[in-house]
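Please look through the sequence and the model below before reading on. The paragraphs after them walk through selected parts.

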Amino acid sequence: MSETKPVVLIAEELSPATVDALGPDFEIRTTDGSDRAQLLAALPEANAVLVRSATTMDAEAIAAAPHLKVIARAGVGLDNVDTKAATQAGVMVVNAPTSNILSAAELTCGHILGVARNIAPANRALKGGEWKRSKYSGVELYEKKLGIIGLGRIGSLVAERMRSFGMEILAYDPYVTSARAQQIGARLLSLDELLAEADFLTIHMPKTPETLGMISDEQFRIMKDTAFVVNVARGGLIDEEALDRALTAGIIGGAAIDVFSAEPAVDLPFFAHDRAVVTPHLGASTTEAQEKAGVSVAKSVRLALAGELVPDAVNVAGGVIHEDVRPGIPLAEKLGRILTALSTGDSLTVVELEVAGEIADKDVKSLQLAALKGVFTDVVSDQVSYVNAPVLAEQRGVESRLTTTAESPAYRNTVTVKGATSNGTQISVAGTLTGPKQVQKVVGIDGYELEVPMAEHLLVFRYADRPGVIGTIGQVLGDAGVNIAGMDVSRQVEGGEALALLTLDAALPAGVAEELGQAIGASKVAGIDLED
């Protein structure tokens, strides 16, 4: 009797190369993922499901697939996959984080050329029977200044391509060193300096609470009235209402937008402006990008179903990892995210992971990858995974180190993520797992010993140890409507500096961390949000 093959369900049309990449070891089935009833009927026997953007893999769909091991999204975004529900069900989620970088970079370059020469409105006018050469006179790119916000992989590709037009490249990215920017051929500036100098502005940042609406009325007022702004990254990075106001008032030259706050978007106010060119989220819409995405996730599915390391897993790390090491992976990733928050905008030049205790003699490379993944998760526009985290570090001139020691005096095992910044500051955050339930705890920050259970919302501050500080903290947070869930205070010498770590019931509203820092005269303050 022949062995039953794992069932791979393809829920949307994918390239033939995707099926070829899966190979002969699976039973391939197809369904129409956009038809909910058809999808749910096809899921019970599926071991893997491949989707694009039209199939919603929510908690209901995941529950309907008791044998499901992996959901693969042939693309970058994961808006149609409930990653939390998948994780709770033990289902791996993978995507293709690098599949569209060339396509997105090329579309950005196309939009820069398009707005410079008025290609879209001139085309529209001529097809409408109007010959208007003088109205649609444009500008050359030669010797113009291109401002790039976010110098990651896509931003770097744009810089490389637009230099060939003789453009001067300016960049703003607080997490890129000047040495790395120099390699790319870019001059690093503050955001306001870049806005004031740029003739063309393109954004390549992640969509976070800090970057949402980062280009709004104030930023448009700083820009030249001849400057053009381009967004092929994430919808909402440019305040769409402010963009309409800027175009109406003529305080910028024009815009090219491919992504929107809510999609599909078909009738936003700024669409009415002749100097606004819009496309329906075409960043990844090339034959090559779609094929790369399909082949990439097909390879990940093969690895996942074989129980091997899956570098592009976004929720769990697959692969042959020792059972004593595996529980530390999410801890190391969170410690990496905390380290980035503690760097307070200074670019990291070194990230070192130190593993101490009983697991030090095991293969702990996965913990280093997890820590690097955490370091970059909240600061780059690219989807960060175990495979691209080292690449991101190399691109940004960040040295990655791993050290191990059997000595761990206080706990069976500790994982410490250390960082050095471009201004010489040393940062560290240590964690451990305790008890039968392997509870994640933060046990040290910058050499101060603590013991606080890991939480989604954290607040760290260092201050001169004196009476009354804790009362002030409670008052500021109370006025902001934020409840303190837990707290630990540590000091190294009496009368010196103290460091406090608070866990909170909710994220800090904008500006509260800075207000708190001023109220207590803190030498360091950082609000940290670890929500997925």
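Predicted model: local features only at pLDDT ≥ 70, side-chain atom pairs only at ≥ 80, totals over all residues.

Residues are numbered from 1 along each chain as its sequence is written, and side-chain values use heavy atoms, with hydrogens and water left out.

Start with helix H13, residues 328-342. Helices (H or I, at least four residues) and strands (E, at least two) are DSSP runs, numbered from the N terminus. H13 has 15 residues and spans 21 Å from its first C-alpha to its last, close to the 21 Å expected at 1.5 Å a residue; the expected span is 1.5 Å times one less than the number of residues. Of the 15 residues in H13, 12 are buried, where buried means under 20% relative accessible area, exposed over 50% and partly exposed in between (1.4 Å probe, protein chains only). Among the buried ones are Leu331, Glu333, Leu335, Arg337 and Leu342. Just after H13, Thr344 has a positive phi of about 45°.

Two packed helices are described by the angle between their axes and the distance between the axes. Axes here are lines fitted to C-alpha atoms, for helices over the stretch in contact, and angles run from 0 to 180 degrees between N-to-C directions. H13 packs with helix H14 (residues 365-377) at about 35°, the axes being 6 Å apart. On the H13 side the meeting residues include Ala332, Gly336 and Leu339, and on the H14 side they include Leu367, Ala370 and Gly374. This contact (heavy atoms within 4.5 Å) divides into seven nonpolar, six polar and three charged residues. Ala, Val, Leu, Ile, Met, Phe, Trp, Tyr, Cys and Pro count as nonpolar, Asp, Glu, Lys and Arg as charged, and the others, Gly among them, as polar.

A second pair is helix H5 (residues 101-117) and helix H7 (residues 153-163), whose axes come within 9 Å and cross at roughly 50°. H5 and H7 are therefore oblique to each other; angles under 35 degrees count as roughly parallel, over 145 as roughly antiparallel, 65 to 115 as roughly perpendicular and the rest as oblique. The residues in contact include Leu102, Ala105 and Ile112 of H5, and Leu157 and Arg161 of H7. By class, 10 are nonpolar, one is polar and two are charged.

His273 is buried, with a relative accessible area of 19%. Not counting residues up to four places away in sequence, His273 touches Asp244, Leu247 and Thr248.
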